[in-house]
Amino acid sequence: MENMDLSKVEKIVKEHNNDAGHLIGILQDVQAEYRYLPKQPLEKIAELLKIPLSQVFSVATFFRAFSLEPRGEKEIHVCLGTACHVRGAKRLLEEMERGFGISAGQTTKDMKITLETVNCVGACALGPVIVVNGEYHGRMDATKTAKLIDEIKGTKK
């Protein structure tokens with residue numbers, strides 16, 4: 001494995017005052033930088049905060065928002081909470097899977113798209129909801145989902 005430039009990690013930890021109590025915030029910032037949590041930055045975080053690497057990995061693997069695997073440029077979350085589920089979210093997920101050629105939990109080979117499911121996004125009145133890089137798309141149906149897929153792929157119709 002090649003050595004990564006860890007100066008960004010050092011800067012992020014310094015912005016958090018080298019405080020181990022800020023570990024979650026540090027991990028969030030590092031993930032925002034790399035789109036996932038690579039091993040070398042995690043090792044550097046442990047070193048800089050003077051905490052065991054196992055503690056860093058424990059936090060990084062406990063929270064579902066963190067990923068140890070590379071993520072796509074666009075992260076799509078399909079809500080499968082009760083309100084969205086009863087309004088057909090499963091069909092929309094299947095449409096997304098077909099549209100991007102991946103299953104939930106996967107990233108396209110070109111690293112453009114990561115497709116995930118979530119249990120609730122807290123927008124039940126708007127269900128079914130699909131969230132793309134933090135942007136909520138509510139009251140989705142098959143037609144709106146097909147248009148959204150085209151927009152994401154850059155083949156807007």
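The protein has 7 helices and 5 strands, where helices (H or I, at least four residues) and strands (E, at least two) are DSSP runs numbered from the N terminus. From the N terminus on, these elements follow the order α-α-α-α-β-α-α-β-β-β-β-α. The model is predicted, so local features need pLDDT of at least 70 and side-chain atom pairs count only at pLDDT 80 or more, while totals for chains, interfaces and linings use all residues. Residues are numbered from 1 along each chain as its sequence is written, and side-chain values use heavy atoms, with hydrogens and water left out.

**Overall dimensions and burial**

- The C-alpha trace of the protein spans about 50 × 30 × 20 Å along its principal axes.
- Of the 157 residues in the protein, 41% are buried; buried means under 20% relative accessible area, exposed over 50%, and partly exposed in between (1.4 Å probe, protein chains only).
- Among contacts (heavy atoms within 4.5 Å) between residues at least 6 apart in sequence, 61% join residues at least 24 apart.

- Helix H2 comprises 12 residues (residues 23-34) and should span 16 Å at 1.5 Å a residue; its end C-alpha atoms are 16 Å apart, which agrees. The expected span is 1.5 Å times one less than the number of residues in the helix.
- The buried residues of H2 are Leu23, Gly25, Ile26, Leu27, Val30, Gln31 and Tyr34.
- An α-helix has 3.6 residues a turn, so residues three or four places apart point the same way.
- The cover over the buried residues of H2 includes helix H1 (7-15), helix H3 (39-49) and helix H4 (53-62).

**Packing of H3 against H4**

- The axes of H3 and H4 are 8 Å apart, and the two helices pack at an angle of about 125°. This makes H3 oblique to H4.
- Axes are lines fitted to C-alpha atoms, for helices over the stretch in contact, and angles run from 0 to 180 degrees between N-to-C directions. Angles under 35 degrees count as roughly parallel, over 145 as roughly antiparallel, 65 to 115 as roughly perpendicular and the rest as oblique.
- H3 and H4 cross in a right-handed manner; a crossing is right-handed if the near helix is turned clockwise from the far one by less than a right angle, and left-handed if anticlockwise.
- On the H3 side, Lys39, Leu42, Glu43, Ile45 and Ala46 meet Leu53, Val56 and Phe57 of H4.
- The residues of this contact of H3 with H4 comprise 6 nonpolar, no polar and 2 charged. Ala, Val, Leu, Ile, Met, Phe, Trp, Tyr, Cys and Pro count as nonpolar, Asp, Glu, Lys and Arg as charged, and the others, Gly among them, as polar.

**Packing of H1 against H3**

- The axes of H1 and H3 come within 10 Å and cross at roughly 40°. The two helices are therefore oblique to each other.
- The crossing of H1 and H3 is right-handed.
- Val9, Glu10 and Val13 of H1 make this contact with Pro41, Lys44, Ile45, Leu48 and Leu49 of H3.
- The contact of H1 with H3 divides into 6 nonpolar, no polar and 2 charged residues.

**Backbone features in loops**

- Most residues other than glycine have a negative phi, and most peptide bonds are trans.
- Arg35, although not a glycine, has a positive phi of about 70°. Arg35 lies in the loop between H2 and H3 and counts as partly exposed, at 34% relative accessibility.
- Met111 has a positive phi near 65°. Met111 is placed in the loop between strand E2 (106-107) and E3 and, at 26% relative accessibility, counts as partly exposed.
- Gly127 and Pro128 are joined by a cis peptide bond, with omega about -5°. Pro128 is in the loop between strand E3 (113-118) and strand E4 (130-132).

**Two buried residues**

- His137 belongs to strand E5 (residues 135-137) and is buried, with a relative accessible area of 17%.
- Leaving aside neighbours within four places in sequence, His137 is in contact with Pro128, Val129, Ile130, Val132 and Leu148.
- Ser67 lies in the loop between H4 and strand E1 (74-79) and is buried, with a relative accessible area of 9%.
- Not counting residues up to four places away in sequence, Ser67 touches Gln31, Tyr36 and Leu37.
- Ser67 and Pro38 are 29 residues apart in sequence and 8.8 Å apart in space, C-alpha to C-alpha.
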